[in-house]
Amino acid sequence: MALVAQSNVIDMLGLLTLDWALLEHWQTNPSTFGETDFRKLRDSGIDVFHPAVAFEVAQPYATTRAWFDKWNRLIDQHPNWFVRVNGYADLTRAKADKKIGIILGMQDANHLRDLDDLNAFYKAGQRLTQLTYNSENRLGAGCKAANDRGLSAFGHAVLARMNALGMAVDVSHCGERTTLDAIAASTKPILITHSNCKALAPGVARCKPDEAIVAAARKGGVIGLTGVRHFVRAKDPVTLDDALDHFDHVVKIAGIEHVGIGSDTDLDGRDRAGTKSPQYDIAGLNHVNRVYQLTEGLIRRGYTDEHIGLILGGNFQRALKDIWS
C-alpha cells in the first residue's frame, strides 16, 4: 500500500468503465458522475487513466470529434475530480492534487483525413494515437491484417507531424513490420501502451515479438503489459504468476526502464456477472484493488521499491516527458 501511495501510478490503457451505456450517461450528463464514482477510481490506487478506444465506423472523423467533445465536457464539469493531461506537469499535478488524470487518446488513426487534422485534434486535447487498430488503414497494417506492407507514405508523414506536435505514437495493435517501421522512423520514444510478450504467448497476434520490444526500448519506449487472459498465456489455466512472467521477460530482454502497466480493462474486469468461466480476466487482476495485488506480486518476485515505482508509472512518466517536450 505504501509503494502504491508513493508512486505515480499510470495505466496506459485503463478504462473508467466498460459499461458503455454508463460512460455515455456520464459524458452526456456529467452531473450523474458522483462522489461514489470518483472515490472508486481514487481508491483503486491509479492516478492517471488513458481510456482510449477505436471506432470502426463509416464516419470515424465525426465520431472521434464527438468522443473528445464528450470527454472534455465530463472533465470540465468536474475540475475538483479530474485533470485533463495536456502535458508532463499534469501527470504529477493529478497525483499531488488527489485527482484523476485523464490522457485523451485513440486506438486508431482512421479519424485523420490529412495532417491538419492532427493539429485540430491536438487542440481538442488528444495527446496520443495508435497508428492502426487491428486491420489496415491509410497509415499501415494492424496485427490482424492479411498483408503487412509496413508504414505507408501517409503513415510516415503523420508520424513526423506527431513527433513535431508532441503527440505520442502508440503501436500496440500494429502489425510487426508496421511496428518496426514506426520505431525506426520516429525521433521520439514509441509506446506500446497495452500488449504482452509473444515469446510467452506464441501465436497471439496482439502480442509483440522480442525484436519490437527491444527496438522500442533502445529509443526510450515503454511497453505496458495487459492482464487480458489469453494475451498472457494462450491456453488455460492463466494465473497472476503468468502475468508476472511477462514483466520478468521484458526486464530480461529490454531493461527495467522499459516496462509499465496497460491493463486494457476497467476496475471490474471484462467478465461480467454470470460468466460461466473466465474469458478475459485473470484472478487478482479483475477488481478495483488489482494494482495492489500486482504490486504484491512484484514484491514476491524480488523487485526493489525503486523498480516497482518505475513499473507502476515512472517509466511511462519519463517517456511521456520526452515525447511531449
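**Close-up views of helix packing, cores and backbone features**

**View 1. H6 packs against H7.** The axes of H6 and helix H7 (residues 153-165) cross at roughly 35° and come within 9 Å. This is a predicted model: local features need pLDDT of at least 70, side-chain atom pairs count only at pLDDT 80 or more, and totals for chains, interfaces and linings use all residues. Residues are numbered from 1 along each chain as its sequence is written, and side-chain values use heavy atoms, with hydrogens and water left out. Helices (H or I, at least four residues) and strands (E, at least two) are DSSP runs, numbered from the N terminus. Axes are lines fitted to C-alpha atoms, for helices over the stretch in contact, and angles run from 0 to 180 degrees between N-to-C directions. The crossing of H6 and H7 is right-handed (near helix turned clockwise from the far one by less than a right angle; anticlockwise is left-handed). From H6, Leu115, Asp116, Leu118, Asn119 and Tyr122 meet Phe154, Ala157, Val158, Arg161, Met162 and Leu165 of H7 (contact: heavy atoms within 4.5 Å). By class, this contact has eight nonpolar, one polar and two charged residues. Ala, Val, Leu, Ile, Met, Phe, Trp, Tyr, Cys and Pro count as nonpolar, Asp, Glu, Lys and Arg as charged, and the others, Gly among them, as polar.

**View 2. H4 meets H6.** The axes of helix H4 (residues 60-77) and helix H6 (residues 115-123) cross at roughly 20° and come within 11 Å. H4 and H6 are therefore roughly parallel (under 35 degrees; over 145 is roughly antiparallel, 65 to 115 roughly perpendicular, the rest oblique). Their crossing is right-handed. Tyr61, Thr64, Arg65 and Phe68 of H4 touch Asp117, Ala120 and Phe121 of H6. Four nonpolar, one polar and two charged residues make up this contact.

**View 3. H11 crosses H12.** H11 and helix H12 (residues 290-300) pack at about 65°, with axes 10 Å apart. That makes H11 roughly perpendicular to H12. The crossing is right-handed. H11 contributes Leu240, Asp241, Leu244 and Phe247; H12 contributes Gln293, Leu294, Gly297, Leu298 and Arg300. Five of these residues are nonpolar, two polar and two charged.

**View 4. The largest nonpolar core holds 71 residues.** A nonpolar core is a set of buried Ala, Val, Leu, Ile, Met, Phe, Trp, Tyr and Cys residues joined through side-chain atoms within 4.5 Å. Buried means under 20% relative accessible area, exposed over 50%, partly exposed in between (1.4 Å probe, protein chains only). Trp71, Phe82, Ile102 and Leu131 have the most contacts inside this core. Its largest share, six residues, comes from helix H11 (residues 240-254). A second, separate core of 15 residues includes Leu91, Ala168, Ala319 and Ile323.

View 5. Most residues other than glycine have a negative phi, and most peptide bonds are trans. A cis peptide bond, with omega about 0°, joins Asp236 and Pro237. Pro237 sits in the loop between helix H10 (229-232) and H11. Lys98 has a positive phi, near 60°. Lys98 lies between helix H5 (88-96) and strand E4 (100-102) and is exposed at 60% relative accessibility. Asp264 also has a positive phi, near 65°. Asp264 lies in the loop between strand E10 (259-261) and H12. Asp264 is buried, with a relative accessible area of 8%.
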